Amino acid sequence: MTAAAATPQPSPLWQPGPDRIARARLTRFHSWAAEHHGAPAAAPGDPAASYAALHRWSVEQLPAFWTAVTEWFDVHFSTPYDTVLADRSMPGATWFPGATVNYAEHALRTAGDPARALDPAILHVDERQEPQPVSWLELRRQVGSLAAELRRLGVRPGDRVSGYLPNIPEAAVALLATAAVGGVWTSCAPDFGARSVLDRFQQVEPVVLFAVDGYRYGGKEHDRARTVAELRAELPTLRAVVHVPLLGTPAPDGALTWQSLTSADVEPVFEQVPFDHPLWVLYSSGTTGLPKAIVQSQGGILLEHLKQLGLHCDLGPDDRFFWYTSTGWMMWNFLVSGLLTGTTVVTYDGSPGHPGTGAQWDIAERTGATFYGTSAAYVMACRKAEVHPGRDNDLSALRCVATTGSPLPPDGFRWLHEEAGADLWIASVSGGTDVCSCFAGAVPTLPVHIGELQAACLGTDLQSWDPQGKPLTDEVGELVVTNPMPSMPVRFWNDADGSRYRDSYFEMFPGVWRHGDWITLTSRGSVVIHGRSDSTLNRQGVRMGSADIYEAVERLPEIRESLVIGVEEPEGGYWMPLFVHLAPGAVLDEALKDRVKRTIRSRLSPRHVPDEIIEIPAVPHTLTGKRLEVPVKRLLQGTPLDKAVNPGSVDDVELLRAYERLGRERARR
């Protein structure tokens, strides 16, 4: 990719009207921060200039901005802080020293409002049932009961509590009860096999395990009793196992029952912990080794999620927040944090496409979702399946559809605009498990341009750098964050000297967070994500994003999904194969290969055209749905499978053996 030539400003696909801008919580926050904390005044009639000025202030005056966030959202510090940012060095930034706080206390505040106590805090849906509400009062009662029982079991601040649970209300209750006692929550989805779970949980040595007997997916029941038994046997630090009978089976010997721990009418007691006290442990995909155990803090997540959900997503008490996710993905933690803004959270346990591809749109309709999040891959699957949500569903309550997981291709923007609603705010967002939030994405006051994220988020000093650390505009560069964010990891578990943490983010640019994505920051302030920089194609010194090739190739009806890899060869050559998973009935003949090449050449450039096009039975993914570009590249370079990938982190390890064979064959040439 080369620098963009000067062109006329493109017309936006969508832009908010004056009334919508005026109603946005971000607009009200801006005016208040200008009056009380020295933020620049808004530019009347110019939302883009207003946001740019507010963002610049938010990263140049970090203490003022984050003070404003705590006051705007009425964050309760039981012990006041000494200063906002005592040390801004990365890694190791010190936020709000002296302060004590509790995340769960803030998540349950709405239960104390008599006017809202009986409103639903959670609406739960599965493949068989209509939405089942859990009121704020009932949620608070269950958390209070479970927190008291955890204390009775000896759980103390800092102890780890684990969940092998799907996206059900019980998982949210267990997280909040753990946070209430100052414990450290960690979870995996029940479609993870025992080895994948143990690779994660054995690192943190949990004292309690919440586990379902099974789960439902795609119209079938999947028993997990044997897996749970294996987890119990391989986690010697467990003091208690709590049986959650999703399939209705009795508790195994020695396990406690969910009902017995959550039946009391007990007011929750919220342990007041230091700002940087661990809240939860999230895990990287772990495709090339043990997953990184990423520790984030109670205070850091509280402030970051209040900002992200309350300002960027514009969520409040009248909203219903649905994001299709699983408990093995950071978006589940993000979803539960919707409670912080008094929002009703929609939890869904089941397949994203059962009984048909349009299933998620049906859930949005049935729950009256106002903000619906999904993956870019799901949007493109709906487009290919010719789903018509705007025609076939009542989406009158819906005002925003957000996507993440991979860049939303331009055709995805167009499809949402045309098929889901012309007045729908489309928020493509990008962040990471590493910060459990977004670096760039949703801004309710800004226009949406096809193929672009609206802007960098407040308090996020997002930049694009060349290899020498020079900031770039309208050119592809490394995604870096040059000032700390409160939700950056406080550490990795079992990384005593911090070396793995430093190597993960700060090796290339010391003191500056490098995330591992290629991005373009446009001169309009929007952001384009091009894919991972550690797997980005680099032909003749020109960097190319794999996402751009996927967007072009997967427009063709014959191509279900694709995978492009760039392999540096020992003699200085460069081999770039394109692997394609064909739609039913399609044949990879010379005519189709020619169409693929012509499509790439015309939509991108001759340099993007692959050296070979190879048919595969399916594209391999991580357990959270990301294409396995880096491990496949290593296999093609001759790395043995057991060294290139952690088998427990991928959806189907058998799919990788063909790449291993191909790598061996090429090494012998």
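V567 is buried, at 4% relative accessible area. Buried means under 20% relative accessible area, exposed over 50%, and partly exposed in between, with a 1.4 Å probe and protein chains only. This is a predicted model, in which local features need pLDDT of at least 70, side-chain atom pairs count only at pLDDT 80 or more, and totals for chains, interfaces and linings use all residues. Residues are numbered from 1 along each chain as its sequence is written, and side-chain values use heavy atoms, with hydrogens and water left out.

**Around V567**

V567 belongs to strand β32 (residues 567–568). Helices (H or I, at least four residues) and strands (E, at least two) are DSSP runs, numbered from the N terminus. Leaving aside residues up to four places away in sequence, V567 touches G573, Y574, W575, L636 and Q637. Contact means heavy atoms within 4.5 Å. P577 lies 10 residues from V567 along the chain, and their C-alpha atoms are 8.5 Å apart.

**Nonpolar cores**

In soluble globular proteins, nonpolar side chains tend to be buried together. A nonpolar core here is a set of buried Ala, Val, Leu, Ile, Met, Phe, Trp, Tyr and Cys residues joined through side-chain atoms within 4.5 Å. The largest has 128 residues, and Y103, L139, L176, F210 and W361 touch the most other members. Helix α7 (residues 169–180) supplies the largest share of this core, 9 residues. L176 touches Y103, A104, A107, L108, L139, V143 and L339, not counting residues up to four places away in sequence. Another core lies apart from the largest one; it has 37 residues, among them V564, I600, L628 and L656.

**Helix α16**

Helix α16 spans residues 410–420, and its buried residues are D411, G412, F413, W415, L416, H417 and A420. After α16 comes G421, with a positive phi near 155 degrees.

**Cavity and pocket**

On a 1 Å grid over the protein atoms alone, a cavity is a set of points where a 1.4 Å probe fits but cannot get out. A pocket is an open set with protein on both sides within 12 Å along at least five of seven lines, and lining residues have an atom within 4 Å of a point. Grid points are joined across faces, edges and corners, and a volume is the space filled by probe spheres set on the points.

The structure holds 1 cavity of 30 Å³ or more. The largest cavity has about 30 Å³ of space. Its lining consists of R20, A24, D314, R399, W425 and P444. By class, that lining has 3 nonpolar, no polar and 3 charged residues. Ala, Val, Leu, Ile, Met, Phe, Trp, Tyr, Cys and Pro count as nonpolar, Asp, Glu, Lys and Arg as charged, and the others, Gly among them, as polar.

The second largest pocket has a volume of about 680 Å³. It is lined by 32 residues, of which A52, H55, R524, G525 and S526 are closest to its centre. Two or more lining residues come from each of α3 (47–60), β23 (455–456) and β24 (462–465). α3 gives the most, with 8 residues. The lining divides into 16 nonpolar, 11 polar and 5 charged residues.

**Cysteines**

How many disulfides are there? A disulfide is a pair of cysteine sulfur atoms within 2.5 Å, and by this rule the count is 0. For C438, the nearest cysteine sulfur is that of C457, 5.5 Å away. C438 is buried, at 7% relative accessibility. C457 is buried too, at 0%.

**Backbone exceptions**

Most residues other than glycine have a negative phi, and most peptide bonds are trans. These sites depart from that pattern.

| Site | Backbone value | Location |
|---|---|---|
| M90 to P91 | cis, omega near -5 degrees | P91: loop between β1 (85–87) and β2 (94–95) |
| H354 to P355 | cis, omega about 5 degrees | P355: loop between β17 (344–349) and α13 |
| C436 | positive phi, about 50 degrees | loop between β21 (430–432) and β22 (437–441) |
| N494 | positive phi, about 55 degrees | loop between β26 (491–492) and α17 (499–505) |

Is C436 buried or exposed? C436 is buried, at 0% relative accessibility. N494 is exposed, with a relative accessible area of 61%.
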